[in-house]
Amino acid sequence: MALLEVKNLDVRFAVRGGDLKAIRGISFSLDKGERLGLVGESGAGKSVAAFSILNLIARPGYIAGGEILFEGRNLAAMSERELRKIRGDRIAMIFQDPMMTLNPVLTVGTQMVEALKAHRRISTANARKIALERLKQVQIPSPEKRLDQYPHELSGGMRQRVIIAIALLLDPEIIIADEPTTALDVTIQAEIMALLLELCEQHNVALMLITHDLGVVSQVSQRMLVMYAGRVIEQGPTKEIINDAQHPYTQGLINALPQMGEPGRRLFQIPGSMPSLNRIPTGCPFNPRCQFANDHCREVMPEYVRSGNVDVACHEVAALIEKEKQLQEEQP
Amino acid sequence: MLAFLVQRIGQAMLVMFVISVIAFSIQDGLGDPLQQMVGQSVSAAERVKLRDDLGLNDSIVVQYARFAGKAVQGDLGTSYFYGEPTLDVIMEHLPATLELVIAASLMIAFLSVPIGVYAAIKPRAWLSKFFMGVSTVGISIPVFLTAIVLIQLFSIGVTVDWFPDDTGWGQWLNGALSTNGGMPSYGRGDDLTHLFGTWYSGFFSENGLLHLLLPAVSLASIMLPLFIRLIRAEMMEVLQSDYIRYAQAKGLAPRRIHFLHALKNTMLPVITVGGVQLGIMVAYTILTETVFQWPGVGLMFLEAITRSDIPLIVAYLMVVGLVFVITNTVVDLIYGLVNPTVKLTGKKA
Amino acid sequence: MSTATLSRWSRFRESFLWYSFKRDKIAIVSFVVFVLIVAAGVFAPLLAPADPYDLTQINIMNSELPPMWLDGGDPQFPLGTDAQGRDLLSTILYGTRVSLLIGFGAVLLQSLLGILFGLLAGYLGGRVDALLMRVADVQLSFSTLMVAIIVGAVFKASFGNLMFGEIAIYMLILIIGVAEWPQIARTVRASVLAEKKKEYVDAAKVMGFRTNRIMFRHILPNTLSPIFVIGTVQIANAIISEAALSFLGLGMPETQPSLGSLIKSGFDYIQSGSWWITLIPGLVLVVLVLVINLLGDWLRDVMNPRLYKG
């Protein structure tokens, strides 16, 4: 059994004049110690997906359907009290912007100790010891000093180290990291990412990495999901997708990577932009930007088809697979 | 810390300088000390000599310097009406106003924080909507009108006879809607305790507290809705922030999230606004004291205006200005001490 | 092209404004009440049974008559009479007229001052900004009411009671307008600073437009909606300030009363049981201020720029 299994998750935002569908029936699973990448442009619903796993979507958002099974228990149907026992303890989160994540008026020590005390019967002195140990693990300079400092006294990189330390504080099963390095200086992004990966491996923690950076995902994750307009349009082993992307959108993303372009030539760009939630087109949501789109694509939402180990939601890919099958049958 | 202190005190002194210039120009423009001193019966030649003696023919700068020099030593002139040094007159009236402001501030502090926090945490609750509705109405009622209604209800009393008196329920409704009145609504009462100097306090006797009740409630009524709305709005904004969501993601109890993580961030801007509002409350004491004939500096000031007691008006301006400047500076300092992100070097980190 | 986008934008906003107005019962009721009160004030000379300014119509024998539904009431005076024997209904209608005139006049003046100083401070920055905002800070920390009372006291002392009474309306507009300008100026300055960062201002500069043209033609239109929201609430504040000043005897004289001076003149008789002279004008004042505040709240919710730009 997978550690985390998300089945047909539906997330909506209740607004005047009806619901906006932010996540439309996504399914995926995460095994113990696995590294899963979740990619997409901003507005694809990546962060909403991440927050909904811990049932932390802010009003007016709500989980409208589906299951989130963590060790067999459905988080989507759990009471707030039970969820609290899982949040931070079994599943930890790392937010995007370390400047905004730590409470500005509480010391680093307070914010670490309170997390421990929320889940363990432990004295403050012991909690501080554990906190200090974790700060050492994330290689923060002069860790003893940091406990009594306020977040604004730390640099952005140091704050994200603190947040990684807090995530590891209670030895969770899963860490969900939502763009953990985007807000940081380019020079330290790689450093923080390497630290996060190393510690996850060391503690055998499953990592769900949410990012818009396909390059990072291709280096880091074993499996990946590509999201577009609230749907997963392609998922499977990272290597397979990077080497031979099926969905036109994923192909576009890969071609847009700087390392794919030739020096001196313009980078490839997918024409158009992600639709906003209130005007998602009918049929395949990608159809207005897709060079292969036909009338069928504009009317019918594509189902998943399997190509190798990859699941793809695209009529064009389905048609190709169908054609290949026919060819194989005709000449056995 | 020292640099911050020096900068703030420098600012405060600059503001005091501006206030003193305004006060001086009022005195210079409106007050003719000669008229007040000697009346009509003095010859023109004597007038000229007197003007010279009093230094009224000196240049404006010299006159201002003299005015400011005296002011620094605590000499703000003599009241025409009382015939005493204006500062003494003000010191006699100041404790009454301070007690009024203290009582109203306590009411505001103890009511606005719990109500504001509750309305922010449970914005959809029936009780929250009720509180917000009442405060919207409350903001729209001028303080003197609240005072008048309070007097009508609790001092004069209201007899309701809308319902038939020969039925049980009618009698009950009439009784329930009628008020007895009898609450004191005039002055501070006759049972004041001498604390020190000119400070006679009404805090230590039932009579004194009863006299304080209606004026303090009406003074509080103007600020209470503002504070409830402010605390609610700030708290709701804080509750939207990333660090609150992060605190939830850590699995903390809602009580800790609301009352430590959120409230501490909410109170920072509230302290700043609160300091300013405290100053504004002094202006409202003029209205409250007028309605209740409360013998504080507000009533004294208004009477000074009707009596054209220019030195007393000027002295009031200087003293109230000083009180404002001191409160604002102290609030800034407190803010700097409470907020870890202000490094007390004068600028935000 | 920019004018075309602008007008389409404003048309969209108007339609959204209308849409949310139709859905908000409180806004509709407030608006209807507000229009009724304004109409009553504007048409007071036509609606009022008597002319309270005409001394020949007043009979002192009719003084302190209660409203017609109470014992001793006279149908000739539906809401009773005041201490001088004036018909209270007529006096209230004329008083509302005066209060509204001062309220709107003061907001007009403070908007002009606020927009001018706010634009200057926000656009020019530097010393002009520091000076203007310092003055605004000091004035606000003193509270606008305090400033108004002091200015009122000085005016009254320098003009004398009689003369002040004659020009009281203009004086009050001036006093309240001057006392409240920082509110608008701060808002304008804040939006100018926000707008200044945007590309179109750079574009206008590059195209060589002069400073004041950029300020008034390009930045000002984009700062109007917060001014509109604040201005609405400021009308309520100005009416309250006027009432407070009149209540303190620094405003409208009793011969030409506003709602505030009516409340004041009635307050002297409340102990003798004539509650209606003070409480009925008080009620009108509260309803007027309340509906303006409710409309202001609604406008703020609807026009909250964050809803669009977020």
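Helix α12 of chain B, residues 297–306, is mostly covered, with eight of its 10 residues buried. The model is a predicted one. The buried residues of α12(B) are Val297(B), Gly298(B), Leu299(B), Met300(B), Phe301(B), Leu302(B), Ala304(B) and Ile305(B). They pack against three helices of chain B, namely α5 (86–121), α11 and α13 (310–338). Helix α6 (144–159) of chain C is also packed against them. Ser308(B) follows α12(B) and has a positive phi, near 50 degrees.

Neighbours within four places in sequence aside, Ile313(B) is in contact with Ile26(B), Phe301(B), Ala304(B) and Ile305(B), and with Ala153(C). Ile313(B) is one of the residues with the most contacts inside the largest nonpolar core. That core has 249 residues.

Another pair of helices in chain B was examined for its crossing. The axes of α10(B), residues 242–249, and α11(B), residues 254–292, come within 11 Å. They cross at roughly 145 degrees. The crossing of α10(B) past α11(B) is right-handed. On the α10(B) side, the contact is made by Tyr243(B), Ile244(B), Ala247(B) and Gln248(B). On the α11(B) side, Ile257(B), His261(B) and Ala262(B) take part. Five residues of this contact are nonpolar and two are polar; none is charged.

Chain B as a whole holds 13 helices and two strands. Its radius of gyration is 26 Å, well over the 20 Å that the globule rule gives for 349 residues, so chain B is more spread out than a compact globule. Along the principal axes, the C-alpha atoms of chain B fill a box of roughly 85 × 70 × 35 Å. Of its 349 residues, 37% count as buried. Contacts in chain B between residues at least 6 apart in sequence were also sorted by separation; 70% of them join residues at least 24 apart.

Chain A contains 13 helices and 12 strands. Its radius of gyration is 21 Å, close to the 20 Å that the globule rule gives for 332 residues, so chain A is as compact as a globular protein of that length. The C-alpha trace of chain A spans about 75 × 50 × 45 Å along its principal axes. Buried residues make up 42% of the 332 in chain A. Among its contacts between residues at least 6 apart in sequence, 62% join residues at least 24 apart.

Two pairs of chains are in contact, and chains B and C share the most contacts. Chain A and chain C do not touch. Their nearest C-alpha atoms are 11 Å apart. The contact of chain A with chain B takes 23 residues from chain A and 20 residues from chain B. On the chain A side, α2 (80–86), α3 (98–101) and α4 (108–119) each supply at least two residues. The largest share, four residues, comes from α4(A). By type, the chain A residues that touch chain B divide into 12 nonpolar, five polar and six charged.

Arg84(A) lies in helix α2 of chain A. Twenty or more C-beta neighbours within 10 Å define a buried residue. Arg84(A) has 20 other C-beta atoms within 10 Å and is therefore buried. The C-alpha atoms of Arg84(A) and Arg298(A) are separated by 43 Å. Along the chain, these two residues are 214 residues apart.

The loop of Asn55(A) runs between α1 (46–53) and β4 (61–70) of chain A. Asn55(A) is not a glycine, but its phi is positive, near 55 degrees. With 18 other C-beta atoms within 10 Å, Asn55(A) is partly exposed. The loop of Glu179(A) lies between β7 (174–178) and α8 (186–203) of chain A. Glu179(A) is likewise not a glycine, and its phi is positive at about 45 degrees. Glu179(A) counts as buried because it has 21 C-beta neighbours inside 10 Å.

Definitions and conventions. Residues numbered from 1 in each chain as written. Chains lettered and ligands numbered in written order. Predicted model: local features only at pLDDT ≥ 70, side-chain atom pairs only at ≥ 80, totals over all residues. Contact = placed C-beta atoms within 7 Å. Nonpolar A, V, L, I, M, F, W, Y, C, P; charged D, E, K, R; others polar. Axes fitted to C-alpha atoms, helices over the stretch in contact; angles between N-to-C directions. Left-handed = near helix turned anticlockwise from the far one by under 90°. Rg over C-alpha atoms; globule rule 2.2 N^0.38 Å. Buried ≥ 20, exposed ≤ 12 C-beta atoms within 10 Å, placed from the backbone. Core = buried A, V, L, I, M, F, W, Y, C linked by C-beta atoms within 7 Å.
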